[in-house]
Amino acid sequence: MPLRPSPLRPLISCLALAFATLLRAANNGAPVEKFQQLDQLLPTPTAQRNAAGAPGAAYWQNRADYDITVELDDVQRRINGSATITYQNRSPDALSYLWLQLDQNYQAHDADSRTVPNSRRGVDAAKVTYAAVDRLLAQETYDGTMTVSGITDTDGKSIPHTIVKTMLRLDLPAPLAPGANVAFKLNWNFPINDMKRLGERTGYEFFEKDGNCTYTIAQWFPRLAAYTDYAGWMHKQFLGTGEFTLEFGNYTVRLTTPDDHVVGATGVLQNPAEVLSTAQRERLNQAQNETRKTVFIVTPEEAKAAEAKPSTRKKTWVFKAENVRDFAFASSRKFIWDAMAVTGATFPPTPPRVGGIQDRMFRPPVMAMSLYPKEGMPLWDKYSTHAVAHTIEVYSRYTFQYPYPVAYSVLGGLRGGMEYPMICFNGPRPLDDGTYPERTKFALIGVVIHEVGHNYFPMIVNSDERQWTWMDEGLNSFVQFLAQEEWQKDYPQSRADRGLTDYMRRTDRVPVMSNSESIAELGNNSYAQPTIALNLLREHILGRELFDHAFKTYAQRWMFKRPTPADFFRTMEDASGVDLDWFWRGWFYSTDRVDVAIDQVQWLQLDSRDPAVENPKAKAEKDALPTTLTRERNAALPKRIDRFPELKDFYDSFDKASVLPSEKKKYEGLLKELNADHIDPALLKLARNFYLIEFSNIGGLLTPLILKLDYTDGSTEEIKLPAEIWRFNTEKATKLIVTKQELKAVTFDPRQELVDCDLENNFWPRRAVKTKFQLFREEAAKNPMRELTKPEKAATPDKP
Amino acid sequence: MLFRALIAVCLAGFFVSGTHAHPIHTSFAEADYNSATKKLEVTLRVFADDFENALGQLAGAKISLEKSPRAEIDALTRAYLVSHFIVKTRGGSLAPQHWTGRELKDADNELWLYFEVELPTGVDGIRVDYLVLKSLHADQLNSLRVRDGSRSLTLIFPPAQGERTVRFPP
């Protein structure tokens with residue numbers, strides 16, 4: 001980058017006297033669209049969702065209650081279930097059909113949405129991995145179709161229906177009137193998939209050494225699709241990328257498993273006396289009083305014993321869950337079970353004290369629990385339950401008290417993690433030899449926080465995952481970031497949060513507000529970008545107090561309801577009192593990036609108009625100019641007027657710094673004028689420096705300007721200009737600053753926290769920014785002696 | 001006519017699935033052209049566990065970045081980079097690659113690879129095939145930023161993309 005010299009001080013004649021910070025207005029036709037209100041892009045407020053971003057007076061949502069009897073067949077590895085489902089139509093519309101989701105059909109033998117790695121795109125035919133071949137083979141024989149039968153009303157009369165791949169339509173005998181309920185029954189069964197061979201969010205993991213499986217089961221029953229006020233039925237096909245859109249309801253589930261299995265599920269166990277031993281129940285009681293360490297409910301030794309001798313008898317677990325949008329469970333004889341009570345969280349949540357009186361109701365604590373086979377140790381016993389408790393403690397502060405009795409984290413055969421109400425499945429685990437790389441430790445802590453955090457978004461703040469991935473993933477990743485900051489100092493960022501500047505430099509990104517299925521770079525788009533954007537909003541635009549209040553308002557307004565993006569944007573502005581349309585437009589609707597350049601810094605000085613001050617100053621400046629080489633060489637030459645002194649006249653001895661009477665008179669005249677206008681003439685003699693800093697918004701994404709000013713006397717100052725500086729011209733802005741000291745350097749975004757994509761133009765005077773390559777090279781070349789004499793300890797560069 | 005291709009089955013011990021909450025499969029490379037040495041200085045950032053799997057696939061056995069012998073990892077990395085980050089000059093000839101080193105930031109799951117590519121005729125018009133990790137993940141998305149002085153260009157290599165040419169915008 002060429003160096004931009006700062007011009008030597010041009011003098012300005014200063015007539016304006018208010019030296020407040022000036023913003024130079026743009027010329028006509030300046031670009032200002034980015035500051036326009038978002039109204040054109042947001043849907044019109046309705047009676048269900050008002051302009052403040054809150055549920056409207058006529059807000060409605062439907063409900064579905066499930067009464068399920070199911071068996072987990074450990075021998076055949078199948079699910080056999082039957083249910084009575086009661087659907088409540090609280091919409092103002094009469095519904096002639098209902099849609100249910102059969103997500104298992106995504107794994108049907110002939111499913112056209114089967115994604116197989118190394119299949120059609122970019123395949124190197126000579127190098128197919130064993131796993132890919134295995135998966136192809138497995139798919140030849142595995143048909144995950146959910147076979148549904150016996151769809152009848154409660155009297156046993158058959159209901160006509162149609163299956164459309166992963167969706168099932170029930171044609172009701174008579175349209176379901178607004179406000180009415182309908183109940184129906186059905187049966188289903190399907191083979192559970194092997195997660196190691198076939199992938200997916202649900203399935204079993206088979207452990208060869210002891211011949212047992214762990215089951216982490218989800219999307220296992222026909223579930224009602226959501227009927228919404230903004231889109232009617234949300235029955236987009238399940239293609240594996242977009243997740244789920246569901247209704248709240250109550251569940252009663254009777255789950256039959258082998259009698260040596262340990263089960264964790266959504267909800268509260270209703271029959272502990274029948275399914276848990278006395279010892280286990282005692283330990284659970286003990287765990288309820290433990291907030292500082294975990295308690296084993298099933299110890300590693302007990303799990304090991306159960307592994308060795310599988311039982312053939314069965315038992316039935318009864319769970320009840322209220323106000324949940326889904327139901328998942330995990331079951332295995334291999335499970336170790338530990339638990340801890342969460343500090344400060346009870347079920348039901350303890351209401352805030354009113355008038356100094358606390359009711360005497362006993363509320364048991366919310367329990368944080370983990371289930372994992374011995375292969376999860378030594379990581380899981382140390383971190384999992386603590387991470388669950390930590391998540392509830394931190395998230396509750398930023399949103400609302402956790403309204404459920406329990407939160408589970410289960411070690412499953414999936415890669416990464418997946419969330420369900422009160423239970424989540426997570427994959428990271430140690431290596432076979434019991435050791436683990438550092439990244440696995442943080443992968444586990446991070447994924448547990450993330451998945452448990454999903455209880456808040458979208459399990460309770462029930463946004464539509466299939467339509468807008470970022471509303472749950474982005475908001476959850478953001479609060480996860482806050483929770484991780486409170487886990488330990490300098491917590492390392494997870495893969496979802498890194499590299500945002502690299503992502504944002506690309507020219508082929510799609511806006512965050514794009515439909516999930518068509519986003520290629522889902523991770524950066526839906527997780528990282530909203531996380532960073534919300535953090536900027538919190539730290540630099542709204543400030544923590546305003547942001548936290550607005551965010552909490554959003555979470556509490558939409559608890560157990562279904563929000564849309566407009567509701568979020570509107571609530572944040574409504575509660576904070578700050579116009580943020582430019583922010584949403586930039587970060588969520590556009591593909592702009594942050595790249596601000598300091599174009600120029602001009603140093604201006606005040607003209608005092610007093611000849612007694614200015615004349616000597618002008619002379620001193622002229623004298624201070626460097627001598628040219630010509631003059632230097634000519635200095636020794638003899639001069640004529642030295643030989644003929646009579647050639648000297650008045651001007652040879654006239655001091656240019658002296659003040660002429662006419663100049664003095666003019667100045668006194670000016671002072672009189674100023675006095676007449678009641679202006680203090682001392683202002684002309686103000687000992688200050690004026691700097692005009694010019695900025696260009698190259699990247700397009702509007703941002704506040706955080707500047708670090710370095711002065712020649714060694715001191716520094718940080719100033720922050722709000723993003724409104726761009727409102728007259730979103731491409732260029734200027735700032736006039738007044739300082740006592742002399743300015744040496746200006747840096748934009750000194751802490752590199754504004755996601756600026758080009759660091760080089762952030763400095764004035766321009767500074768060469770070393771590339772990472774150069775830095776590495778310099779460090780790598782530090783110890784040539786070691787490199788040459790002890791090669792196994794050094795990086796080995798190629799010899800050219 | 002039956003066409004039988006020989007498939008080399010690698011015993012990599014990992015499983016390749018696209019389950020759960022959207023794993024990210026991406027890598028970033030920054031390439032700065034050093035006109036003094038006439039070399040392209042490349043910094044390639046990749047997720048450590050993904051790269052481990054790729055090396056394992058190449059080696060035919062499980063590789064651990066922390067535990068496997070250093071020399072073996074170096075050799076495998078060099079071989080992998082040469083075959084998966086292919087640079088051709090404008091004339092079409094293959095540009096030689098020289099490996100400088102690597103840095104592992106394990107807590108962040110990041111591996112930084114540093115290498116140079118010889119380009120005596122300059123960086124305009126070169127063709128890059130950025131195949132790193134493509135054979136492992138069907139949704140691998142790589143991006144490359146090339147800089148020459150003040151000129152800069154970002155090239156994306158989404159799943160179906162082949163070779164791309166470096167042509168700076170005017």
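Predicted model: local features only at pLDDT ≥ 70, side-chain atom pairs only at ≥ 80, totals over all residues.
Begin with Trp470(A) and Phe568(A), which form an edge-to-face pair whose ring centres are 6.1 Å apart, with 65° between the planes. If you colour the helices, you will find Trp470(A) in helix α9 (residues 469–485) of chain A and Phe568(A) in helix α13 (residues 565–576) of chain A, so that the pair, 98 residues apart, links distant parts of the chain. Both Trp470(A) and Phe568(A) are buried.

Next, move to chain B and select Phe51(B) together with Tyr80(B), an edge-to-face pair at 5.4 Å centre to centre and with 85° between the planes. Because Phe51(B) belongs to helix α1 (residues 48–59) and Tyr80(B) to helix α2 (residues 70–84) of chain B, this pair ties together parts that lie 29 residues apart in sequence. Phe51(B) is buried, with a relative accessible area of 0%, and Tyr80(B), at 2% relative accessibility, counts as buried as well.

Finish with two charges over rings. Select Arg223(A) and Phe244(A), where the charged end of the arginine sits over the ring, 4.9 Å from its centre. Then select Lys772(A) in chain A and Trp112(B) in chain B, where the charged end of the lysine sits over the tryptophan ring, 4.4 Å from its centre.

Note on methods
Residues numbered from 1 in each chain as written. Chains lettered and ligands numbered in written order. Heavy atoms only, no water. Phe/Tyr/Trp six-rings, centres within 6.5 Å; stacked < 30°, edge-to-face > 60°. Helix = DSSP H or I, 4+ residues; strand = E, 2+ residues; numbered from the N terminus. Buried < 20%, exposed > 50% of the residue type's maximum accessible area, 1.4 Å probe, protein only. Lys NZ or Arg CZ within 6 Å of the ring centre and 35° of its normal.
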